[in-house]
Amino acid sequence: MNNMPEVSIIVPVYNEEQYLEECLESIRCQSLQDIEVICVDDGSTDGSLAIIKRFMQKDSRFRVIQKSNSGYGSSMNQGMDAAQGKYIGIVESDDWILPEMMQTLYECAEMNEVDFIKADFYRFVHQSDGTVRRIYNHLTGENQYYNRVLYPSDEVQTFRFIMNIWSGIYRTDFIRRNQIRFHETPGASFQDNGFWFQTFALAKRAYFLKTPLYMNRRDNPLSSVNNKEKVYASCREYDFIRNWIENNLQGQKRYLYLCAEGRIRNYLFTIERIGDAFKPDFYQKFQEDYLKLRECGEVAETLLSEGWKPRIRRILDNPKNACQKDMAFKSRYLNLIGAYQDIIIYGAGKCARKVYERLHFIGERNRVAYFAVTKMEKNPTTLYDIPVVEVASLSEEFKEQALVIPAVQERFLEEVIQNIQNHGFCHYTEDRIFFEEIEND
């Protein structure tokens, strides 16, 4: 290996023995050989450190930084400080990567001389039959942003791409020259947001690759996105971002607008993620913080997503009432879909999209295994990157275990239910809750 590896891959680790071996093996098997792998063990109390040491014994490219438990941001900063590679990559310890990931990103980054490059990715969950269902996540739905060099600050739509820090690599001298750091708060979560914002705000040359290379796990019960008690972490992280803008970008309005938009997006996500006991207080926090942003002139309200505006209005008008109504609707949704691990949406048109969006609204879109139709004919082969299949082609397991939601207009419902029954599905619903409107929605 050269004195300077092509890529330093940082793996922050805290009690991930269940998934860590799969993660590290996927890194060890990268087609790009000239890498170093820096595992930062944040005081794990399980067998994670022993797994890391086994990889170190059989592969000299692996090394470990051991430290007392001080949080994700501290782990990432120590990992970046230790990196010797031309580029820095990040792999979360419960995820894994495709064999060609680092080579593809490295070669494209070198060819285009970029500060960072990111690619699309898969989110995945394990199904009841042991198979893995993966869902393709595009960074953006707009093709014009892919496969070319761009300057993010001149094309601010890029700040609305799916937020992640791990589907790409970053030029090390870009990180160090700009003193890009993670927010260090012990016990906090979502500290990737600050790093992400800094890289987008400071990069002069960025590249987005339209191919999925990273596998992001969504069935780890210990991950931050599944922690219902991490209530105010996103609030603190966006306070950190705003302070960074004031101190490093002289409080430029465009970045304050983008920070406020990111805060609102994260607050709406937090509402769906946290436990019901915390929601009334967080709705109140949403109202208070939004009104502060408005008073400071930091919300570009005309540019906010149209899909957000009805909900924001309801929260601003009466956070307590908005919380009660949202919780009542979500409870009805969850009672309907119950414990079914897999959901089949019968349909692929406007009604099917509405059902999917409501499942997304309550944080359950990963349960959707298929969109099913009677005949393919003019139907798309995928919808939201989920396969669209003929209902007759689905396996007996799905017929026995999955919940089917008919997503068709009322006049076709009886015919579709008859078809569901004829194909031997055991579980389906005739409830039309997914087509009801939340008041003022």
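## Cysteine pairing

Cys-296 is partly exposed, at 48% relative accessibility (buried is under 20% relative accessible area, exposed over 50%, partly exposed in between; 1.4 Å probe, protein chains only). Its closest cysteine sulfur, in Cys-259, lies 12 Å away, too far for a bond. The structure has zero disulfides, a disulfide being a pair of cysteine sulfur atoms within 2.5 Å.

This is a predicted model, in which local features need pLDDT of at least 70 and side-chain atom pairs count only at pLDDT 80 or more, while totals for chains, interfaces and linings use all residues. Residues are numbered from 1 along each chain as its sequence is written, and side-chain values use heavy atoms, with hydrogens and water left out.

## Positive phi

Most residues other than glycine have a negative phi. Asn-147, in the loop between β7 (132-137) and β8 (149-150), has a positive phi near 60°; it is partly exposed at 44% relative accessibility. Helices (H or I, at least four residues) and strands (E, at least two) are DSSP runs, numbered from the N terminus.

Glu-377 has a positive phi near 40°. This residue sits in the loop between β12 and β13 (382-383) and is exposed, at 69% relative accessibility.

## Second largest pocket

The second largest pocket holds about 380 Å³ of space. Of its 17 lining residues, Gly-347, Ala-407, Val-408, Phe-412 and Val-416 are the closest to its centre. A pocket is an open set of points on a 1 Å grid over the protein atoms alone, where a 1.4 Å probe fits, with protein on both sides within 12 Å along at least five of seven lines; lining residues have an atom within 4 Å of a point. Grid points are joined across faces, edges and corners, and the volume is the space filled by probe spheres set on the points.

α14 (413-422) gives the most to the lining, with three residues.
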